[in-house]
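Let us read a structure together, feature by feature.

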Amino acid sequence: MNDKTRFMLKKLLLYSFLFTVVVWIVLPIIVSILYAFSSKLDYYDPQKVIPTHYTTQWVKTLLFTLGAWDGIKNSVIVAILTIIISFSLGIPAGYAIAKFIFPGKDTIKLSIIALRMFPIPVMAIPLVVLYIKLNLIDTLLGVALAHTAMALPFVVLITSSIFAGVSKELEEAAMVFGVTRLGAFFRITLPLALPGLAAAAMFTFVMSWNEVFVASILTLKNRTLPAQILSIMAGSSGGAAPPYYKFAAAFIMTLPAMIFIFFARKYLVSMWGITLK
Amino acid sequence: MVEVRLEKITKKFGDFTAVNELTLTIKDGEFLVLLGPSGCGKTTTLRMISGLETPTSGKIWFGDRDVTYLPPKDRNISMVFQSYAVWPHMTVYDNIAFPLKIKKYPKEEIDKRVKWAAELLQIEELLDRYPAQLSGGQRQRVAVARAIVVEPDVLLMDEPLSNLDAKLRVMMRAEIKKLQEKLKVTTIYVTHDQVEAMTMGDRIAVMNKGQLLQVGPPVEVYSKPNSIFVATFIGAPEMNLMDVTVKETDKGIALEGEGFEILLPEDLGEFLKNYVNKTVVFGIRPEHMTVEGISEVLHVKRKAKIKGTVDFVEALGTDTIIHAKVGGKIIKIKIPGHVPIGLGRPVDIIIDLDNIHVFDKSTEKAII
Amino acid sequence: MKLRLPYLLLLPAVLYLVFFIGYPLVQALYLAFTQNGHFTLDNVRRTIGDPYFWQALKYTIALAVVIIPIQLFLALILAVVMNRTFKGKDLALYALIIPLTISDVAGGLIWYTMLTDAGFLNKLLLNLGLITQPIHFFGYEYRNMEFLAIVIEELWRATAIVFVIILAGLQMISKEYLEAAEVFGADYWTRMRKIVIPLLKPSIQSALIIRTLFAMQVFGVVWILAGRDIPVLAGEGFYQLTFIKDYGVASIYALTIAALSILLGAMYVKFLKAEYLEVRT
C-alpha cells in the first residue's frame with residue numbers, strides 16, 4: 001500500500017466516523033420533529049417509518065389545551081428575570097475580578113468556580129420552606145431567584161473573562177482624558193464587551209429555559225415549560241399523555257435552544273471553555 | 001554527522017508558494033544560517049528538512065540517503081523550537097531523556113547522557129524541576145540539551161533566541177556557537193536577525209519570498225551582496241541607496257546623482273560600460289564613508305568626495321551616525337566614537353571607492 | 001476607597017450566593033434532623049428503612065458508572081478528530097454541540113420518540129426485517145431496557161459537554177509540543193500517550209467532575225423515560241417533597257446528593273492531580 005492510498009483510506013475513515021457521529025446526533029432530532037407533526041394513523045402504521053401525513057393538531061393541543069403556551073410565557077419571563085438579576089449582580093463582580101488586584105481575589109474566584117457545581121436539588125428542597133414563609137412559592141420571581149443562584153457563578157466567570165479581554169489601557173486612556181472610572185466603564189468597556197455579554201445572556205437564557213427540578217418543586221400552577229411538560233408527560237407507565245404529545249413536547253422544547261445555538265455558535269466552544277476550566 | 005542536500009525543493013500551500021525551487025548543500029559539520037524576513041520561507045525550509053512538512057516537489061538528501069518523504073522519526077534529527085516546546089508536564093530530566101527513551105536506550109546509558117548534556121548546558125542542578133519553575137533562559141538551555149542528547153545527524157534551530165532578552169541573547173549566541181564547534185554536528189539555524197547570522201554562521205543563506213538569494217560566508221555576504229535585498233538586509237544602519245546615471249566623461253566613467261558626481265577608477269568603470277546614460281542604483285554602507293576634517297580614521301586608498309549638509313546627528317556613544325543631506329536625499333554616515341558636529345553645517349563626505357556597490361535598476365542584481 | 005471598590009463590586013454577588021447556598025444547607029440540616037425543635041434521627045430511620053432509598057442510591061451510581069467512562073472515551077476520540085482541519089469541520093462542530101442546549105427532559109422525550117414500541121427504531125428494524133416483534137424499552141417489566149434507554153439518551157445528550165471541555169483543552173496545547181515529540185522520534189500513539197493525555201489531565205479532571213456531579217443530580221430524563229421504575233436520588237427527593245410532602249426525608253435525599261458530590265469531587269481532585277501545575281517558584 002503506497003502513501004497515497006493510505007492517505008485516502010485515512011480520510012475515508014475520518015469522514016465515515018464523523019458522518020456516523022453527526023447522524024447519531026441529528027437523526028433523533030429530525031425524527032422527533034417529523035413525529036411531532038405525524039398524523040395518528042401514520043404513527044400507528046407499522047409500515048411508515050417516516051410519516052407522510054402531517055398535522056399540527058398535537059402541537060396546537062399541547063400549546064393551547066394542555067397549557068404549554070402558558071409554560072412558554074412563564075419560562076420566558078423567568079429566563080429574562082434571571083438574566084436581569086444575575087447580570088446586575090454578576091457584571092460588577094466579573095468586572096472586579098477582571099480589572100482589580102486585591103487580597104483574597106484568588107480565594108473568591110476559586111469559591112465561585114466551586115459553587116458553579118453546587119447540586120441544585122440540595123438548594124431547591126429546603127428553599128420551599130422559606131418560599132412558603134415569604135409568599136414566593138408558586139411565583140415566577142421565586143423561580144427566577146433560584147435560577148439566578150444557579151446561573152450567577154457562570155455569569156461572574158464569563159463576564160470576568162470578557163472584561164479581561166478588553167484592554168485596560170483603553171479604559172485608562174479615557175480616564176486620562178477626564179472621564180470617571182464609572183464613565184469609562186459605560187463608554188468604553190461595556191460597548192466593547194457587548195457582543196460577548198449578549199452571548200452570555202443567551203447562555204443564561206438556555207440554562208434557565210432547560211432547568212426543570214427547581215421549577216417543578218417551587219411552582220404548582222405557574223409552571224415553566226419544562227415543569228409543565230414534566231408533569232404532563234412523566235413516566236413511561238404512568239404517563240397519561242399519548243405518545244404523539246410527547247413528540248410535540250420534544251419539538252417545542254428543543255426549538256428555541258437550537259435557534260440559540262445557531263446564533264451563538266461562534267462563541268459556544270470558547271464560552272464553555274471559560275466556564276468549565 | 002551528515003551532509004544535507006536540498007534539490008530544487010518547492011513547497012506550496014494552496015496557491016501560495018512558500019519555497020520556490022531551492023537548491024542548497026549544507027556541508028558535513030557546518031553551521032549554516034538561513035536568514036530572511038518573516039514569511040520568506042526559511043522556517044518552511046527548516047520544517048521540510050525536519051520532516052514536519054513534505055515538499056511539493058524536489059528532493060532532500062542526507063548524505064546518499066533520500067529522506068524527502070521520511071517521517072521525522074526516521075531521520076535522526078533534532079530540533080530547537082522557537083517557543084522551546086519544553087513539555088510542561090515533565091521534569092527537566094524527563095524532557096532531556098525523552099528522545100533517548102523513545103529510541104529505547106538502556107537506563108544507565110540514558111542517565112549518563114542526560115547528565116552529560118545537562119553538564120554541557122550547565123543545568124545539572126535543575127534536573128528535578130518542572131519547566132514552570134524555570135526562567136526563559138533556563139528553558140532555552142533545556143531545549144538545547146534535549147536536542148543534542150541523542151547526538152543527531154542534523155541539528156535544526158528555529159529562531160531559538162528570539163524570545164530571550166537582549167543580554168541573554170548575546171550570551172547564548174556565543175554558547176550555542178561554541179557548543180556546535182565542539183560537537184561538530186551539521187546545524188541549520190533559522191533567524192531573521194542579521195547580527196545573529198553574521199556572528200554565528202559558517203555560511204549564511206539569505207532568503208526572500210521563497211527564493212534563495214545568496215549563500216556564502218558572512219564576510220562575503222556582507223561585502224559582496226549580489227542583490228539590493230541582500231545588501232540592505234545585512235548591516236545596520238542599512239546601506240545607503242541612490243538612483244544615479246552612468247555618464248561617460250573625458251576622465252572616465254562617472255556616476256551622476258542629485259547634487260553630486262562620483263568619478264570611478266578605471267577598473268570599476270569597466271563594469272559599467274554597458275550602462276552609459278542609464279539609471280543604476282548606487283549603494284554605499286554608512287561605515288564606508290567619513291566626513292572630512294572630523295575624523296580621519298577611515299584609511300582609504302581610493303576615495304571620492306561629495307558635498308552635503310548635516311541634517312541630524314544620532315550620538316550612540318560608541319558611534320556617531322550623521323544624517324547628511326545630499327541633493328534632496330539623506331545619506332547616513334557612521335563614524336566611530338563621539339563626534340561633536342553642528343546641525344546645518346556644510347560637510348565634505350569622503351566615500352571609500354573600494355567599497356561601493358552598483359546594482360541594476362530593474363533586476364536589482366549587483367553590477368559592482 | 002480605592003482599595004474597597006473591588007470588594008464592594010463583589011459583595012452583592014457573594015452575599016447572594018452565600019444566602020442561596022448557605023441558607024438551604026442549614027435549612028436542610030434542620031429539616032432532616034429535627035422535629036418540633038428537637039434533635040431526632042426519625043427521618044434518617046425512615047429514609048434508610050425505605051428500599052427505594054437504596055435502590056435510588058444504587059441506580060444513581062450505576063448510571064454514572066456506566067455512562068461517564070463511555071462519554072470520556074467518546075469525547076476524547078471526537079476531540080482529537082475535531083482538532084484537525086478538514087473540509088466541513090464547522091458543520092460537524094455545529095452538529096456535535098447541538099445537544100449542549102437540549103435539556104434532559106427534551107432529550108428524554110426525543111429518545112422516547114426513537115425507542116417506543118411504535119417509534120422510529122422499532123419501525124425501522126421491523127421494516128428491514130431484522131426483528132419480528134418490537135423491542136420493548138418502556139414499562140416496569142422492562143426495567144433493564146429503561147436503564148439502557150436512559151444510558152443511550154445521556155450518551156447522546158451529555159457527551160457534548162465532555163467533548164467541548166476536552167476540545168478546549170486540546171486547543172490550548174501548543175502545536176510545537178507535539179512537533180517536538182515528533183522530531184524526537186515519537187510515533188502517533190506515543191505522542192498521544194506521553195504528551196497529549198498528560199497535558200489534557202486538567203481538562204479531563206474538570207470534565208469528569210462536572211459530569212459526575214451532574215450525574216448525581218440526574219432527574220428529568222429518568223422521570224420522563226422511567227418514572228419511579230428506576231428510582232434515583234433527585235427523583236426520590238422530588239417525589240417525597242411533592243407527593244408525600246415529607247420535608248425531612250426529602251432533605252435527607254438532598255443532603256445525600258450534596259455529600260456524594262463533595263466526596264466524589266474531592267476524590268477526583270486528589271487522584272487526578274496534575275503535579276506540574278502545582279509547582280510554582
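The dialogue below goes from chains to domains, then to strands and helices.

Q: What kind of model is this?
A: This is a predicted model.

Q: Which chains touch, and which pair has the most contacts?
A: There are 2 pairs of chains that touch, and the one between chains A and C has the most contacts. Chain A and chain B do not touch. Their nearest C-alpha atoms are 9 Å apart.

Q: What is chain C made of?
A: Chain C has 13 helices and 2 strands. Its C-alpha atoms fill a box of roughly 75 × 70 × 35 Å along the principal axes. Of its 281 residues, 60% count as buried. Now take the contacts in chain C with a separation of 6 or more: 68% of them join residues 24 or more positions apart.

Q: What does UniProt place on chain C, and where?
A: An unreviewed UniProt entry places the feature "domain: ABC transmembrane type-1" at residues 57–268 of chain C. In the model, that span is 76% helix and 0% strand. Its end C-alpha atoms lie 20 Å apart.

Q: How is chain A divided into domains?
A: Chain A has domain 1 (3–44) and domain 2 (70–219 + 253–276). Domain 2 of chain A is written as two segments. The centres of the two domains of chain A, taken over C-alpha atoms, are 35 Å apart.

Q: And how is chain B divided?
A: Chain B has domain 1 (4–233) and domain 2 (240–360). Their centres, again over C-alpha atoms, are separated by 39 Å. Where the domains of chain B meet, 7 residues of domain 1 are in contact with 7 residues of domain 2.

Q: How do I read a sheet, and in what order do the strands of the open sheet in chain B run?
A: The general idea: strands pair through backbone hydrogen bonds, either parallel or antiparallel. In chain B, 5 strands form an open sheet in the order β13-β12-β11-β14-β20, with antiparallel pairing. At its edges stand β13 (260–263) and β20 (356–360) of chain B. Each has a single partner strand, so one side of each is left without a neighbour in the sheet. From one strand to the next, the twist averages 40°.

Q: How many bridges join β11 and β12 of chain B?
A: Strand β11 (residues 240–249) and strand β12 (residues 252–257) of chain B pair over 5 bridges, in the antiparallel sense.

Q: Is strand β3 of chain B largely enclosed or left open?
A: Start with the general rule. In a regular strand the side chains alternate between the two faces of the sheet. Then look at each face of β3(B). On one side, B:Phe31, B:Val33 and B:Leu35 are buried. On the other, B:Leu32 and B:Leu34 are buried too. That makes 5 of the 5 residues of strand β3 (residues 31–35) of chain B, so the strand is largely enclosed by the rest of the structure.

Q: Which strands pair with β3(B), and in which sense?
A: Strand β8 (residues 186–191) of chain B runs parallel to β3(B), joined by 5 bridges. There, B:Val33 stands opposite B:Tyr189. Strand β9 (residues 203–208) of chain B also pairs with β3(B) in the parallel sense, over 4 bridges. In that pairing, B:Leu34 stands opposite B:Ala205.

Q: How do I check a helix, and what span does α4(B) reach?
A: Compare the end-to-end span with the expected one. Helix α4 (residues 136–148) of chain B has 13 residues. From first C-alpha to last it reaches 19 Å, close to the 18 Å expected at 1.5 Å a residue.

Q: What should α5(B) span, and which of its residues are buried?
A: At 1.5 Å a residue, its 18 residues should span 26 Å, and its end C-alpha atoms are 26 Å apart, which agrees. For the side chains, recall that an α-helix has 3.6 residues a turn, so residues three or four places apart point the same way. In α5(B), the buried residues include B:Met172, B:Glu175, B:Ile176, B:Leu179 and B:Gln180. Among the elements covering them are β3, α4, β8 and α6 (194–200) of chain B.

Q: What follows α5(B)?
A: B:Lys184 follows α5(B), and its phi is positive, near 55°.

Key
Residues are numbered from 1 along each chain as its sequence is written. Chains are lettered from A and ligands numbered from 1 in the order in which they are written. This is a predicted model: local features need pLDDT of at least 70, side-chain atom pairs count only at pLDDT 80 or more; totals for chains, interfaces and linings use all residues. Side-chain values use heavy atoms; hydrogens and water are left out. Two strands pair if DSSP finds at least two bridges between them. Axes are lines fitted to C-alpha atoms, for helices over the stretch in contact, and angles run from 0 to 180 degrees between N-to-C directions. UniProt positions are given in the numbering used here, feature names are shortened, and annotations may be inferred rather than shown by experiment. Domain bounds come from an automatic or database domain assignment. The expected span of a helix is 1.5 Å times one less than its number of residues. Buried means under 20% relative accessible area, exposed over 50%, partly exposed in between (1.4 Å probe, protein chains only). Contact means heavy atoms within 4.5 Å.
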